[in-house]
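Please look through the structure shown here together with the paragraphs that follow. They take up the aromatic rings, the strands, a pocket and one loop in turn.

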Amino acid sequence: MKRLYYLTDSMALASQVSRQLQHTPGIANWRFHALAKDEAGLYSHQLQGASPLQRCDILRGTERGGLLGLMIGTAFVLLASRVIDFSGFWGVFAMVALIVSATLFGAWEGGMLGLSRENYKIRRFHNAIEAGAILLMVDVRKVDEGRIRNLLSHIPIRPMGEGSSVVNPFAYVSA
């Protein structure tokens with residue numbers, strides 16, 4: 001699924017986009033989100049605000065933390081196997097338990113760190129949002145993309161590019 005980004009300075013225009021998309025086949029309410037500094041304004045204009053998963057880097061942090069925990073847990077078990085005999089059922093169980101525990105702890109810790117960070121996909125819009133702009137995010141299927149772009153081209157909002165709705169833990173984003 002592709003995510004289209006638009007910016008506007010007007011809550012009324014954002015609300016107009018929302019109403020227009022609600023009556024468009026192929027776009028469900030959960031595929032359109034708005035992000036603004038004025039969250040109360042989003043609520044009063046009946047706009048669906050961005051979820052914590054879209055605002056924060058929770059998923060990416062969880063994925064990265066889990067991978068790091070997996071690597072650390074595996075390295076620890078490999079080093080410990082030089083000193084400790086992990087043969088037999090309980091030995092294998094202990095190795096797997098250590099690796100799984102390190103992976104889960106890493107994922108949890110990464111998610112907590114991600115909760116305190118802005119989502120890497122919307123970081124480029126940070127200054128505009130702080131200045132009062134409203135970021136509109138529309139998730140579209142490939143077959144509906146042209147129709148939705150055409151529909152939104154008649155509304156005076158600024159297209160700001162596109163991205164994927166899939167989280168990539170290895171994506172490099174400059175600060």
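The model is a predicted one. Phe93 has a relative accessibility of 47% and counts as partly exposed. Both Phe89 and Phe93 belong to helix α5, where four residues, or about one turn of the helix, separate them.

The structure contains five aromatic pairs. Phe89 and Phe93 make a stacked pair, with 6.4 Å from centre to centre and 20 degrees between the planes. Two values are used here because a pair of aromatic rings is described by the distance of the centres and the angle of the planes.

Helix α5 holds another pair of rings, Phe105 and Trp108, which are three residues apart and so separated by about one helical turn. Their ring centres are 5.8 Å apart and their planes stand at 40 degrees, so this pair is tilted. Phe105 has a relative accessibility of 52% and therefore counts as exposed.

The charged end of Arg60 is placed over the ring of Tyr120, at 4.2 Å from the ring centre. Over the face of Tyr5 lies Arg124, 5.0 Å from the centre of that ring.

Next come the strands. Which residues lie on each side of strand β2, and are they buried or exposed? The strand covers residues 32-35, with Phe32 and Ala34 on one side and His33 and Leu35 on the other, and these four residues are all buried, which leaves both faces of β2 covered. The arrangement of sides can be read against a general rule: in a regular strand the side chains alternate between the two faces of the sheet. Strand β3, residues 134-140, runs antiparallel to β2, and four bridges join the two strands. In one of these contacts, Ala34 has Leu136 of β3 as its bridge partner.

The largest pocket is another feature to find. The space in this pocket is about 280 Å³. Its lining consists of 17 residues, and those nearest the centre of the pocket are Gly61, Arg64, Gly65, Gly110 and Leu113. Two helices, α4 (58-80) and α5 (88-115), each contribute at least two residues to the lining. Sorted by class, the lining has six charged, six polar and five nonpolar residues.

Gly61, one of the residues nearest the pocket centre, lies in helix α4. With a relative accessible area of 14%, Gly61 is buried, because buried means under 20%. Gly61 and Tyr120 are 59 residues apart in sequence, while their C-alpha atoms are 10 Å apart in space.

The last stop is a loop. Where does Gln46 lie? Gln46 is found in the loop between α2 (39-44) and α3 (52-55). Its phi is positive, about 55 degrees, although Gln46 is not a glycine. Gln46 has a relative accessibility of 68% and so counts as exposed.

Methods. Residues numbered from 1 in each chain as written. Predicted model: local features only at pLDDT ≥ 70, side-chain atom pairs only at ≥ 80, totals over all residues. Heavy atoms only, no water. 1 Å grid on protein atoms, 1.4 Å probe; cavity = no way out; pocket = protein on both sides within 12 Å on 5 of 7 lines; lining within 4 Å. Points joined across faces, edges and corners; volume = space filled by probe spheres on them. Nonpolar A, V, L, I, M, F, W, Y, C, P; charged D, E, K, R; others polar. Buried < 20%, exposed > 50% of the residue type's maximum accessible area, 1.4 Å probe, protein only. Pairing = 2+ DSSP bridges. Phe/Tyr/Trp six-rings, centres within 6.5 Å; stacked < 30°, edge-to-face > 60°. Lys NZ or Arg CZ within 6 Å of the ring centre and 35° of its normal.
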